Amino acid sequence: MITPNKRIYLSPPHMSGNEMSYIQDAFATNWIAPLGPHVDAFEKELASHVGSNAATAVSSGTAAIHLALRLIGINEGDSVFCSSLTFVASANPIVYCGAKPVFIDSEPETWNMSPRALEIALQDAALEGKLPKAVIVVNLYGQSAKMDEILSLCESYDVPIIEDAAESLGSTYKGRASGTFGKYGVYSFNGNKIISTSGGGMLVSDDVEGLKRARFLATQARDQAVHYQHSQLGFNYRMSNVLAGIGRAQLEVLEERVNARRAVFNRYDEALSHLPGIQFMPELANTRSNRWLTVLTLEEKEAGVTAQEVLEALTELNIEARPVWKPLHLQPLFEGARYYPHSKNESVSERLFLTGICLPSGSQLMEEEQQRVITCIKKTIMQTMPFKVII
C-alpha cells in the first residue's frame, strides 16, 4: 500500500542486491584502497559493454572530464566549446585548467548541442585565428546529440571531442553506445544516475596509451621509484575497490534499468501527451535514449499554467521535480562568457529552461506513485481550464 504523502524522489539509487557480494569480497581480501581487482574488472567490463578499447575508473564524472582535458593538453588561455544546457560539472574542469569556456546552444530535435550554432562558432574561431582546443558535447537526460553532424564539423577543423555521457550510459546512437564517439567519453555513477557507485565516474577511449596516462595522473602522478617521487602535477582521482565492486553489480543490471526508465517514460507519455501545452523531450530517429529522466515542456499560453506553478503543486504533494538545467551562459559563475545561440532569433536552451520540468523517473518508481504525479499535473492544468474535461 502506498502512503499518500510518502516522498517521491526524482531519481533515487536502485541497488540490485548483488552489490554486497562484491563489497564483502573487498573486505574479506582487504582491498579497501583506491585500486584493486574490482577496479580492474569494472574498467574491463564497462569498456567491453560500450565497445571501447579501454576505461579508467575515477572518483567522479567531473574528474574524468578534467583528466580528458589534461590529456588533450588544455592550458591557461585556451578556449573549449561546451554545451550550455547542462550541469555545471561539464564546464567547471575547463576553468580548472585555466581555459575559457565558450557555450553553444541546443537545438529542438535533441535539446543537445546545435550543429548550426557550433558551425558558426567554429567559423568565427577560425577567422580569429584561435580554434578551440576541444569541444565538450553533452548527451542531455539520456538523449544522444547529433553526433554525425558534430563529428563532421569538428573533424573538418581538427578539434577533438570529449563526449559527456554522464547521463546517457545505456543509450545508443545508430546502434553505437553513447559516450564512444569522441576522443574521450565520460560516464558518471553519482547517486542519481541510471547505475550508481554512490560516487564515481569512468573515462573511456580507444586511445589505450592515453588512458594509461590518465591512471598515472589520477594517482598523484607518482613516478616509478621506490621512494615517493613526483615530476608532474597529479590528482587524487582514483575509484576505490569497494565502490568498483558496487559498480560491477550495477553494470550487470544496466539493461534492466534502461527498460524500467523507458517504461516510466511511456506511462507519462500515454497519460499526459494529449494535454494542452505539453511536449515531451524528443527521441531522435535511429537513437535509443535511456530516458534517465522523463522531461517535458509546458507552454503557458496553451496550458493556462506555468512550469513553475506545476513544480510548486508537485512540491506541495511531497513530490520531487525539477526545472531543466539552467543554461551555463546564464550562470553568474560564467558571466561574460561567449555564447552562440541556435539562431539569431532563438535561444533554445533559454526557452527550455523556462518551460521544462523533470519528473520523477526512478527505475523503482511504482505505478501508484507515478499516478500521483500524473494526477497532480492534470489537476493543476484543469484548475485553470475548468471548461475542459481532461481524462
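The predicted model holds an open sheet of 3 strands in the order β7-β6-β11, with antiparallel pairing. Local features need pLDDT of at least 70, side-chain atom pairs count only at pLDDT 80 or more, and totals for chains, interfaces and linings use all residues. Residues are numbered from 1 along each chain as its sequence is written, and side-chain values use heavy atoms, with hydrogens and water left out.

Colleague: What makes β7 and β11 the edge strands?

Modeller: Each of them, β7 (176–177) and β11 (287–288), pairs on one side only; strands here are DSSP runs of E with at least two residues, and helices are runs of H or I with at least four, both numbered from the N terminus.

Colleague: Why is D158 called exposed?

Modeller: Its relative accessible area is 69%, and exposed means over 50%, buried under 20% and partly exposed in between, with a 1.4 Å probe and protein chains only, so D158 counts as exposed. D158 sits in the loop between α6 (147–156) and β5 (161–164) and, although not a glycine, has a positive phi of about 55°.

Colleague: What makes N286 exposed?

Modeller: N286 has a relative accessible area of 57% and is therefore exposed. N286 belongs to the loop between β10 (278–280) and β11, and its phi is near 65°, a positive value in a residue other than glycine.

Definitions and conventions:
Two strands pair if DSSP finds at least two bridges between them.
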